[in-house]
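Colleague: I am new to this structure and would be grateful for a close look at a single part, namely the contact between the two chains. Please set that part in the context of the rest of the model.

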There are 2 protein chains.
Amino acid sequence: MTSTALEVRLASRPSGWPTDENFEIAEVEVPTPGDGEILVRNVVMSVDPYMRGRMNDVKSYVPPFQVGAPLDGGAVGEVVTSNSPDFKPGDHVLHGLGWRDYAVVNAAHAVKVDGDLAPLSTYLGVLGMPGLTAYAGLLKLGQPRAGETVVVGAATGPVGSVVGQLARIHGARAVGVAGGPEKCRALVEELGFDAAVDRTAPGFASALAAACPRGVDVYFENVGGELLRAVLPLLNDFARIPLCGLVSNYSGSAKPTDPDRSAELLTTLLVKRVTLRGFVVSDFAAEEPAFRREMTEWLEAGRLRYREDLVDGLDAAPAALIGLLQGRNFGKVVVQVAPEDQAT
Amino acid sequence: MTSTALEVRLASRPSGWPTDENFEIAEVEVPTPGDGEILVRNVVMSVDPYMRGRMNDVKSYVPPFQVGAPLDGGAVGEVVTSNSPDFKPGDHVLHGLGWRDYAVVNAAHAVKVDGDLAPLSTYLGVLGMPGLTAYAGLLKLGQPRAGETVVVGAATGPVGSVVGQLARIHGARAVGVAGGPEKCRALVEELGFDAAVDRTAPGFASALAAACPRGVDVYFENVGGELLRAVLPLLNDFARIPLCGLVSNYSGSAKPTDPDRSAELLTTLLVKRVTLRGFVVSDFAAEEPAFRREMTEWLEAGRLRYREDLVDGLDAAPAALIGLLQGRNFGKVVVQVAPEDQAT
């Protein structure tokens, strides 16, 4: 084991899209775990849209990143040293201190995962936070019934792709929105969506309407902006909108000269008796056992597929986050921090 | 019985606030009921904010009024002639054909009401559609718990005044917003609200915040606009927003140059995990028996009070609707079309 390691720090807060300059890669001493702590060598780490919000200095459901300090987020690694009776060296754990080679983790904040049951990276995606977001938001809040229509944006992403496939498993029509013909083709051919609509093509709103001939019963909202505006006129009475993200707003792309759309939005929600509910995946921690059991079954039965966008090396993580926010990924973005097996 | 009668017609569609010119009072023959119909002499009729929406030519949850035809809406009257076994002359009925002296009503669309149990006008207010709107929206959707804070706008109106009092009955703190110091005083002194905030006073948003020291758990939305903006920062996590009206938008007072507030709205709903649900009173018809039983008990026990704003004569109805939309009423606006007892 080397005595130095890398971590990625927030160098400055972005305004609008983040750039390379907002990040700094620093060499640090490998930290030493205290009582009740474990030292983890990270193998894979997650890059997620919600991290953009944490780069701003605003109160939200997770605290902001601090300038000069390392970023954090979901990661899976191997226990190197354990000062806790719950873990031993060689165990694989899911924890919240990504963006660094080595992490000292409070044992109470680490969860053992089984790399033989599923690849370590899936605990960051289909079996992890994005999968639970899709599962809880669609099934607990959206509650699609057989024959209803479910629309989801960012549909090739790790949340959207699960939303559409779970809608199908429950007998609903799955309509995915994605950027570009290649992603749209994959939604239908690889992931089994009933229809896919290219948000970058001219006539997008009409194409979306044509893909939803019986209207929209569940709009799983993770995008906002233009997609929401295109969905509003298609909503059926008593539609449900689980709201877990607004990636189109994260970098403040709305212009102050845009007309006020809030009255139009509220009028639609009123007239069509829509239920819109904001949620955060951590509100559904109690669903996790059922989620992991059902998702594993569907994966093994081949009813659920996933795609990963693997990025090599911690130093590539900032660019991976920037690309993700601009929609350049296809599937779950995972950074391979280090090989899974390594002489420590 | 005279052979001619009056009806109020939509002369033209308003843009913005309606004016006298949008209405026309016409003399017509008293109509003759056909098979299964009853002729009703209207005694009282209702004037409600939702009627403004029906003056526009747009699809909504109720069809628009037609230019040249009489308006309609809730009314209570006395049966003059009955061609239905369900009604006899002298019965009092609640029905949907107000805005006229005499109405021919399909017997299936009339409901007998008891003028001895409660004044006829209450079936248009506290025991009628506005009361059920408050009851269903607050108790079924808002679900206030003891110790929580409920905010409602247009609080001296027939919906808002019931919302606040029902919140108190269920152990919650009731904060009402109204226009002017006189209405605010009445909210606290007559209707038992815990606090009242004058939306016309300078520093309104700070005053609202001060009236809600533990934040807002239920915002009963019937106003929109500035009030909603003042409430957003005060919402607690997991707040509920039953949405039954947007009276501030009904006359299109929003300017196209206003900045877009929809992203701010959605971000708040997401971060605070708010449930916003549009509803229409007719969705809760099944609640009507429980509603009428409970409300009557609370009225008799003196736990629930109401105030009416009685307007005399059918020809005063247009001005009553215009005044209502501008917030000039205090309590339920009821038009006395004719005396309750009259030689027919």
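Modeller: The account below begins with the contact between the chains and then turns to other parts of the model.

The model is a predicted one. The predictor gives the complex an ipTM of 0.85 and a pTM of 0.87. For chain A, the average pLDDT is 92, and 95% of the residues score at least 70.

The contact itself draws 30 residues from chain A and 30 residues from chain B. On the side of chain A that touches chain B, helix H7 (262-271) and strand E13 (275-278) each supply at least two residues. H7(A) provides the largest share of that side, with 8 residues. Sorted by class, the side of chain A that touches chain B holds 16 nonpolar, 7 polar and 7 charged residues.

Strand pairing also crosses from one chain to the other. E13(A) is joined by 3 bridges to strand E13 (residues 275-278) of chain B, and the two strands run antiparallel. Within this pairing, Leu276(A) has Leu276(B) as its bridge partner in E13(B).

The relation between the copies can be described next.

Chain A is divided into domain 1, which covers 4-124 + 308-336, and domain 2, which covers 129-298. The C-alpha centres of domain 1 of chain A and domain 2 of chain A are 27 Å apart. Where these domains touch, 13 residues of domain 1 of chain A are in contact with 13 residues of domain 2 of chain A. Helix H1 (residues 50-54) of chain A gives the largest share of the domain 1 side, 3 residues. By class, that side of domain 1 of chain A has 6 nonpolar, 5 polar and 2 charged residues.

In chain B, one helix deserves attention. Helix H3 (residues 160-169) of chain B is mostly covered, with 8 of its 10 residues buried. Among the buried residues of H3(B) are Val162(B), Val163(B) and Leu166(B). The buried residues of this helix pack against helix H2 (129-142), strand E8 (149-152), strand E9 (173-178) and strand E11 (216-220) of chain B. After H3(B) comes Gly171(B), which has a positive phi, near 85°.

Asn22(B) sits in the loop between strand E1 (4-10) and strand E2 (23-29) of chain B. Asn22(B) counts as buried because 20 other C-beta atoms lie within 10 Å. Leaving aside residues up to four places away in sequence, Asn22(B) touches Leu10(B), Ala11(B), Ser12(B), Pro14(B) and Met55(B). Ala186(B) lies 164 residues from Asn22(B) along the chain, and the C-alpha atoms of these two residues are separated by 33 Å.

Conventions
Residues are numbered from 1 along each chain as its sequence is written. Chains are lettered from A and ligands numbered from 1 in the order in which they are written. This is a predicted model: local features need pLDDT of at least 70, side-chain atom pairs count only at pLDDT 80 or more; totals for chains, interfaces and linings use all residues. Two residues are in contact if their C-beta atoms, placed from the backbone, lie within 7 Å. Helices (H or I, at least four residues) and strands (E, at least two) are DSSP runs, numbered from the N terminus. Ala, Val, Leu, Ile, Met, Phe, Trp, Tyr, Cys and Pro count as nonpolar, Asp, Glu, Lys and Arg as charged, and the others, Gly among them, as polar. Two strands pair if DSSP finds at least two bridges between them. A residue is buried if 20 or more other C-beta atoms lie within 10 Å of its own, exposed if 12 or fewer, and partly exposed in between; C-beta atoms are placed from the backbone. pLDDT is the predictor's confidence in each residue, from 0 to 100. Domain bounds come from an automatic or database domain assignment.
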